[in-house]
Amino acid sequence: MIVNSLSLCYHNKLILAPMVRVGTLPMRLLTLDYGADIVYCEELIDLKMIQCKRVVNEVLSTVDFVAPDDRVVFRTCEREQNRVVFQMGTSDAERALAVARLVENDVAGIDVNMGCPKEYSTKGGMGTALLSDPDKIEKILSTLVKGTRRPVTCKIRILPSLEDTLSLVKQIERTGIAAIAVHGRKREERPQHPVSCEVIKAIADTLSIPVIANGGSHDHIQRYSDIEDFRQATAASSVMVARAAMWNPSIFLKEGLRPLEEVMQKYIRYAVQYDNHYTNTKYCLCQMLREQLESPQGRLLHAAQSSQEICEAFGLGAFYEETTQELDAQRAKLSARTSEETGEPAEDTSGVIMMAVKFDRRAYSAQITPKMCLLEWCRREKLPQPMYETVQRPIDRLFSSIVTIAEQKYQSTLWDKSKKLAEQAAAIVCLRSPGLPEGRLGEENPSLHKRKREAPDQDCGGSRAQELAQPGELCKKPFVALGSGEESPLEGW
């Protein structure tokens with residue numbers, strides 16, 4: 001038996017709730033700035049996490065848990081280490097323990113999600129599906145309590161009857177968990193239904209462990225003082241805030257809400273500094289803007305298709321350039337140091353024509369890419385088609401490509417987030433050397449106008465669904481749902 005060596009206090013705390021696609025590192029750090037005591041990450045599924053490898057990211061000063069496809073599933077940093085709770089979706093005690101042991105050195109607590117009513121969770125026996133199997137709940141929590149060095153909690157919804165709810169929470173308490181978070185709604189209820197403060201209060205009166213009240217954003221919490229009112233109404237030890245914190249993370253600030261423009265700019269800075277995928281950054285900003293999505297700034301955000309464009313929409317273009325240059329310099333320094341320490345020979349770049357360029361699709365025609373221009377030029381000149389040799393750098397998983405034309409090699413000195421972006425950059429170097437058209441706006445290249453543009457990849461930090469969605473779907477869907485009284489897809493369970 002492993003004895004828990006770190007005691008995270010759950011008494012009288014302000015807590016950021018776990019929220020899908022919202023509770024990533026930039027949001028967690030922002031809410032800590034504004035007064036949150038504890039922050040939960042978004043729910044992460046055990047089957048996904050168990051495949052991850054722990055990687056120390058020296059460029060960002062983070063610890064990354066990276067999937068086999070090189071996507072960062074969970075990213076954390078030293079600043080939140082003693083205050084971040086890792087929430088997992090699980091239906092199996094042994095898998096849950098394996099994940100807990102994978103992350104326990106980098107987080108302050110482990111939480112099991114038993115409150116998500118979504119089909120993607122319940123059909124796997126996770127989320128609210130666990131509430132129908134108290135014995136499985138007991139096995140999962142007991143295994144975690146005995147097997148990990150971090151305090152264990154769980155987050156539940158209430159059952160149809162008070163008697164059944166109290167019976168369940170008493171069984172949960174006997175497993176030895178440190179606290180229990182209660183979303184005061186039944187599994188079929190949604191934010192438009194009133195939260196049951198009376199049931200949370202009955203649970204708090206029954207248990208000796210801390211009870212964390214959740215679900216008050218819709219009816220109760222609009223400002224900082226409302227958090228304490230909600231705590232008193234539920235007699236809970238602490239309060240967990242979801243939607244109110246998503247709409248304006250400064251809800252935790254005693255002095256009152258900060259202007260949304262200030263909050264969003266601060267969020268964007270964290271997103272850039274920690275290389276957050278732009279689709280996730282955009283999604284969170286859309287939740288903050290809400291009814292202002294049709295404002296001029298909302299339209300700029302709607303149209304943004306990169307972190308750089310998001311920064312420019314909020315007057316942070318210079319910050320983006322400065323920060324990315326600093327990160328690139330740090331990557332180059334670490335790469336050189338790694339080569340020196342391992343004794344690997346430096347890459348032979350003699351005979352390679354090099355330029356510091358990146359492919360910025362905003363600067364190019366809507367239907368033409370540099371790779372297309374280069375291929376067409378080779379055909380006209382009766383040269384073999386371009387040959388691309390692309391490598392990925394292990395230290396930061398960025399890509400660089402060399403293109404060979406008639407035995408001459410061309411390469412950009414800047415590394416990119418995807419293989420296709422790196423190949424586009426190499427093609428630009430090749431075309432610019434002799435001054436050939438590369439498809440930039442204003443250039444004429446009639447033979448290519450009817451060719452379909454090759455869409456550049458984006459990095460894999462966000463979900464596949466986010467990458468495939470149209471901008472309007474990313475921004476507007478949550479607000480249509482909220483406005484119509486239906487459930488938002490990012491409900492904090």
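This is a predicted model: local features need pLDDT of at least 70, side-chain atom pairs count only at pLDDT 80 or more; totals for chains, interfaces and linings use all residues.

Tutor: Residues are numbered from 1 along each chain as its sequence is written, and side-chain values use heavy atoms, with hydrogens and water left out.

Student: Why is α10 called roughly antiparallel to α11?
Tutor: The axes of α10 and α11 (residues 278–289) cross at roughly 170° and come within 11 Å. Angles run from 0 to 180 degrees between N-to-C directions, on lines fitted to C-alpha atoms over the stretch in contact. Angles over 145 degrees count as roughly antiparallel, so α10 is roughly antiparallel to α11.

Student: Which residues of α10 and α11 make the contact?
Tutor: Contact means heavy atoms within 4.5 Å. On α10 the contact is made by Leu 260, Val 263, Met 264, Tyr 267, Ile 268 and Ala 271, and on α11 by Asn 280, Thr 281, Cys 284, Leu 285, Met 288 and Leu 289. By class, that gives 10 nonpolar, 2 polar and no charged residues.

Student: And what makes α15 oblique to α16?
Tutor: The axes of α15 (residues 370–380) and α16 (residues 419–432) come within 8 Å and cross at roughly 50°. Roughly parallel needs under 35 degrees, roughly perpendicular 65 to 115, roughly antiparallel over 145, and the rest is oblique; therefore α15 is oblique to α16. The contact of α15 with α16 has 7 nonpolar, 1 polar and 2 charged residues.

Student: What makes something a cavity and not a pocket?
Tutor: On a 1 Å grid over the protein atoms alone, a cavity is a set of points where a 1.4 Å probe fits but cannot get out, while a pocket is an open set with protein on both sides within 12 Å along at least five of seven lines. By this rule there are 2 cavities of 30 Å³ or more.

Student: Which residues line the second largest cavity?
Tutor: Lining residues have an atom within 4 Å of a point. For the second largest cavity, about 40 Å³, they are Ile 268, Ala 271, Val 272, Asn 276, Thr 281, Ser 307, Ile 310 and Cys 311.

Student: How much space lies in the second largest pocket?
Tutor: About 770 Å³. Its lining has 11 nonpolar, 8 polar and 12 charged residues, and the largest share, 7 residues, comes from α14.

How values were computed
Helices (H or I, at least four residues) and strands (E, at least two) are DSSP runs, numbered from the N terminus. Ala, Val, Leu, Ile, Met, Phe, Trp, Tyr, Cys and Pro count as nonpolar, Asp, Glu, Lys and Arg as charged, and the others, Gly among them, as polar. Grid points are joined across faces, edges and corners, and a volume is the space filled by probe spheres set on the points.
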